[in-house]
Structures are given as structure tokens and as C-alpha cells.
Amino acid sequence: MTLSVALGPDTRESTQTGTVVSADSLTAPDVPWNLVIWNDPVNLMSYVSFVFRSYFGYSETKADKLMMEVHKKGRSIVAHGSKEQVEQHAVAMHGYGLWATVEKATSGGKDGTSGKGKGKRG
Amino acid sequence: MAKAFKYGLKGITGYLEPAERELLRGLFADVVAMLEPEERENQDPLSALIGLDMEVKEPTDRAVRRLLPNVMKDDGAASLEFRQLTERSLREGKIGALRAASLGLDKDDLTLTETDARHWSTALNDVRLVLAERLDIQDEADAEHVHLMQDWSQAEDVESYLALVYNFTTWLQESLVQAMVHSLDTQPGTRR
């Protein structure tokens, strides 16, 4: 993203809990999906944060934290839900011009990975 | 010289010179032309009406692909299937925002409602995404390099001209987003 506003240094990584997903729940129809936003050098940091606030209704603090995670780590999981829900979010994000993808939450919700599910697959 | 968008009693207001309006009109029209779905002879009219496009393919143009990205990182087949259901309406939504912003340029008074502002911000963002592809901005260092180009008297070739246009649209979008954030902050409780 393009830096437009100076932000404080306290942008700790998100604490997406690394829940251990059992093999059973991976095959269940309600297996959670993640909405991932990817970094790009074009979108303004202010704009990305604004989109998180106005579309998801996130607080300024949460929106900024997620935005900084995208910027620094290259990607961030910004929402969870059923496949249909995150797909709907992804289209909305594409409408805003953000680079969004969906993925099955098989890597235990851990972020900052290459996006490929490690270990067990659903 | 354009003035930054600002949020005040009348809402979000801005000011653009005729030449700047002309430039933006051209940019919005260029992106609309890139996004317009091609008409096919044997297109099922009902499918088109409800936004389905079973013939759709992943765009070959890099800029169009950035505007309409795959929904799954490593699954081309599933992404294509999703495209069939969603790409047409995504294109139409983007075209709608670009056209609305363009229409707003016809009025002398550049006062934006919340909806206008949303159209403007996505339209400017899409323009910037396209310009960035043409300028080959791949990473933050490329973006920095382009950002250095600020002096219109230096515009000697297409690339430097595009860089200046990119920087102008970046500045304009940034000022608009700041005004939108200001507007959001002064309306507690409203989510969208």
C-alpha cells in the first residue's frame, strides 16, 4: 500500500487464535472460510482502512490494525464465515478495488503464511 | 489548480479546473471501455440480465485482471466458476461508479453526497490501479520512484506524463478519503 498517513508504531500482529481444527470438523459442511486481503503498492493505506470501517463496521483501531497487517505482512485475514459469506465479501472488496481472495480456514486461522494450507487439508 | 476535497457543513466539496475535469473524464472513460463486457451474438439474454456469463474467461490484460481478480489464489477452476456468476455484475458496478463520477464533473459545483463520494473514491481507485499497471508499479520501491515525479515541466514522454497523472489522482483520492473519514468520524453510530 502507499503510505499516506504516519501511524504509531504500536501495530501488533493480530491475535487470530490458532485453533486446532479436528479432522472431523474439516469435512463438516460448516467449515469456516477466511476472507484474505493482499498487499499491493497502489491502494492508499487510508482508503483500505476506510473500506474496513465503512463496509465491515469495524472500529478505527481494528481497521487500522488489519490495514497495517496487510501492509507489513503482505496479507491479513479480515473476516471469517461460511463460503457464501466470505465470497460475498470478496466481491464487495473487488468492487472497492481491494485485492481479496477466499480460502478454507485449514491452517488454523494463522496469518502471515504464504496462503497455502499447511498440514491437514479438508 | 485543483483544491483538496474537504468535509464541511455542505458535505464533501472539491474544486477542479476545466483541464483537470477533462483529464479525469478521459481517464474514467478509458477504464469504462476496459471494463465493458464484450457483446456476444449467441449470448443468452436472460443470463445476461441476471448477471451470469458462462463464457467468461480470466482477463488477459494485467490491468483488467487487477480490477477483476481471481477469488481463490491457487484454484483457477473454482475462480473461473465464481467469475461466471459474479464478474458481469462486478464490471457493471464499477462502470456505474465511473460513469456517476464522470457525470458529476459536468456540474460546476463539486459537492458530493455520501453516495457520490463512494463512487468517486472507487472510480479514482480503479483509475489508479490501471495507471499503476501501465507504469509497472510492482512494489513499494516502484511506487516511491513514480511518486518523485511531481513537476509537470518534466513531462517529456508518455511514462513521465502517466506518472504525473498517477500522482495527481493519488493526491485527489487521498484528499477525498480524508474527507470521507472526517465525515464518518462526525457521524457516530452510522456504519455505512
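Select B:Glu87 and B:Arg91 to begin: their side chains meet in a salt bridge, 2.7 Å from N to O. The term stands for a side-chain nitrogen of Lys or Arg within 4 Å of a carboxyl oxygen of Asp or Glu. Both residues belong to helix H4 of chain B, 4 residues apart, or about one turn of the helix. Helices are DSSP runs of H or I with at least four residues, numbered from the N terminus. B:Glu87 and B:Arg91 are both buried, where buried means under 20% relative accessible area, exposed over 50% and partly exposed in between (1.4 Å probe, protein chains only).

The model is predicted: local features need pLDDT of at least 70, side-chain atom pairs count only at pLDDT 80 or more, and totals for chains, interfaces and linings use all residues. Residues are numbered from 1 along each chain as its sequence is written, chains are lettered from A and ligands numbered from 1 in the order in which they are written, and side-chain values use heavy atoms, leaving out hydrogens and water.

B:Glu87 and B:Arg83 are 4 residues apart in helix H4 (residues 76-104), and both are buried.

Next, select B:Asp136 and B:Arg62, a salt bridge at 3.2 Å, N to O. B:Asp136 sits in the loop between helix H5 (114-134) and helix H6 (140-147) of chain B and B:Arg62 in helix H3 (residues 62-67), so the pair ties together parts 74 residues apart in sequence. B:Asp136 is partly exposed at 39% relative accessibility, and B:Arg62 is partly exposed at 36%.

Over all chains, the count is 13 salt bridges.

Key
Helix = DSSP H or I, 4+ residues; strand = E, 2+ residues; numbered from the N terminus.
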